[in-house]
Amino acid sequence: MSKITPKWRGFWPALVLLLAACQDSGNPPAPEHSSQLESILERGELRVGTRYSDTTYFEAADGPAGLDYELAAMFADYLGVKLKIEPSYSLSDLFPKLEKGQYDLLAAGLSVTPERRAHFRFAPAYQAVSQKLVYKRGHRRPRDFDDLADGSLMVMAYSAHAERLAQVAKTHPDLKWTETSDMDADELLQQVLAGHLDYTVADSNNLALNRRFYPDLMVGFTVSDEQPVAWAFQKNNDDSLYAALIEFFGEMSQTGVIARLEEKYYGHVRTFDYVDTRSFMRAVDRKLPRYQANFEKYAGDFDWRLLAAMSYQESHWNPSATSVTGVRGLMMLTLDTADLLGINNRLDPAQSIRGGANYLHQLFDRMPESIPPDERVWFALAAYNVGEGHVLDARRITEKRGGDPNSWVDVKENLPLLRKKAWYSQTRHGYARGDEPVKYVDNIRRYYETLVWLQGQQVANTDNDEAKADDADDDSDQDPNDSVNENVTPKD
């Protein structure tokens, strides 16, 4: 992403007047010296509150990540100021701090509800989510609110879920639930899986991300239809920050930035296959250990887990796999490709993995440099599946249709057109089943992220086991005749 040129210093008053002409609130404009936007610019810092979540803010291997975090960083850059972001585990911490002016805004994946609108203003929406009633697979499925009478239901305090349940209770007086500030949405889902809760409510996007790792999370029914998601800020007579947000989100939408971020974080989890997810998790335990060393050895510049995910998509880690078209092995190489790569036995796991990795590297390097590196890998994977020429054809179609040929979300939309004569007749390489590489890449992304998570769980469990072993060793060293006293200084 190229740096956005700051547009606001010395220019905000005109935009505030322009916005005021379009507002129907009837509130008089705030004096220039008290403008919230001017305060931010003078301070040189945008103060943002957010919450820890896969959908908003989390610490990735290379630093902070999350859709809201990335947008907030872009907005600070847009204003020409530094971003100061403070993540919290609880919504109950965020709203009071916003009211006290400790934050300029909240970028926390907040659904816009009537109750929240009564207390805060909201920027233009950048997403929409619905609310789902979640239960554990194997239990009786609740189909409406009347089915919840005999079970325990808990949601986050201050959440849109709590607001929705309060509305529903007006027509369902027997509906009971509890609210917590001690657990976040992900922890409540864990409570359902552990059997400590019968039900919780989750946003559709957060549930989609969690079901990659916990396929036993099931949807009973829709608690609330789609609601807009937007940033919140103080409700006052000052339109300056709102004007900046309107301009910013307008540009982000027009240039496709929001669509690319949605694709990055959610594009591969829009569909869920329980059987496939469970099968993959079993294969990680039973099959992957046989081949992991070779994936690590030949991954090169790629994460070995991406290579492993790709191999699972190709062959389900079956070294003898063979298709009707003659591709074979763990990486399903064609005979011609194998010959070019110096592979003489496609059914040998090590040779197949080496060949597949080398070929993916070649495709990655041949993709146009104008494609951002973090998206180029999706183009390379699509080329591995459908052929480099067809991917380049799809880029040309994307450009003809006014899209960005360097954006995977735009090319992904146009790849299926290679099935249609009106479009493939204009291309250099003709007809292709262009919908297949779209599914291919989405599946690999799901497998990859699930594998990363499973590996993280293994590391965490190993660390816990080692900590318990260390504690046991410490206990065994203690003389049973010694009295335990917290005030006694341990011996060297």
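Tyr158 counts as partly exposed because its relative accessibility is 48%; the class lies between buried, under 20% relative accessible area, and exposed, over 50% (1.4 Å probe, protein chains only). Tyr158 sits in the loop between strand 8 (154-156) and helix 6 (160-169). Its phi is positive, about 65°, although Tyr158 is not a glycine. Most residues other than glycine have a negative phi.

This is a predicted model: local features need pLDDT of at least 70, side-chain atom pairs count only at pLDDT 80 or more, and totals for chains, interfaces and linings use all residues. Residues are numbered from 1 along each chain as its sequence is written, and side-chain values use heavy atoms, with hydrogens and water left out.

Now the whole chain. Its secondary structure comes to 20 helices and eleven strands. Both are DSSP runs numbered from the N terminus: helices are H or I with at least four residues, strands are E with at least two. Of the 492 residues in the chain, 50% are buried. Take the contacts (heavy atoms within 4.5 Å) between residues at least 6 apart in sequence: 69% of them join residues at least 24 apart.

Past helix 6 comes another loop residue. Pro173 lies between helix 6 and strand 9 (178-180). With a relative accessible area of 59%, Pro173 is exposed. Asp146 is 27 residues away from Pro173 in sequence, and their C-alpha atoms are 10.0 Å apart.

Helix 9 covers residues 240-254, 15 residues in total. From first C-alpha to last, helix 9 reaches 21 Å, close to the 21 Å expected at 1.5 Å a residue; the expected span is 1.5 Å times one less than the number of residues. Its buried residues include Leu241, Leu245, Phe248, Phe249 and Met252. An α-helix has 3.6 residues a turn, so residues three or four places apart point the same way. Gly256 follows helix 9, with a positive phi near 85°.

Helix 12 (residues 288-298) packs against two partners. With helix 13, the axes come within 9 Å and cross at roughly 125°. Axes are lines fitted to C-alpha atoms, for helices over the stretch in contact, and angles run from 0 to 180 degrees between N-to-C directions. Helix 12 and helix 13 are therefore oblique to each other; that class is what remains after under 35 degrees (roughly parallel), over 145 (roughly antiparallel) and 65 to 115 (roughly perpendicular). Their crossing is right-handed, meaning that the near helix is turned clockwise from the far one by less than a right angle. Leu288, Gln292, Phe295, Glu296 and Tyr298 of helix 12 make the contact with Trp304, Leu307, Ala308 and Ser311 of helix 13.

The other partner is helix 15 (residues 349-366). Helix 12 and helix 15 pack at about 30°, with axes 9 Å apart. This crossing is right-handed too. Here Tyr291, Asn294, Phe295 and Tyr298 of helix 12 meet residues of helix 15, among them Pro349, Ile353, Ala357 and His361.

Finish at the end of helix 13. Ser315 belongs to this helix (residues 304-315). Ser315 counts as buried because its relative accessibility is 8%. A polar atom of its side chain lies 2.8 Å from the backbone oxygen of Leu330. Beyond neighbours within four places in sequence, Ser315 is in contact with Ala321, Gly329, Leu330 and Met332. Trp317 lies in the loop between helix 13 and helix 14 (335-341). At 1% relative accessibility, Trp317 is buried. Trp317 has a positive phi of about 55°, although it is not a glycine.

Definitions and conventions. Polar contact = N/O pair within 3.5 Å; in protein donor to acceptor, adjacent residues only side chain to side chain.
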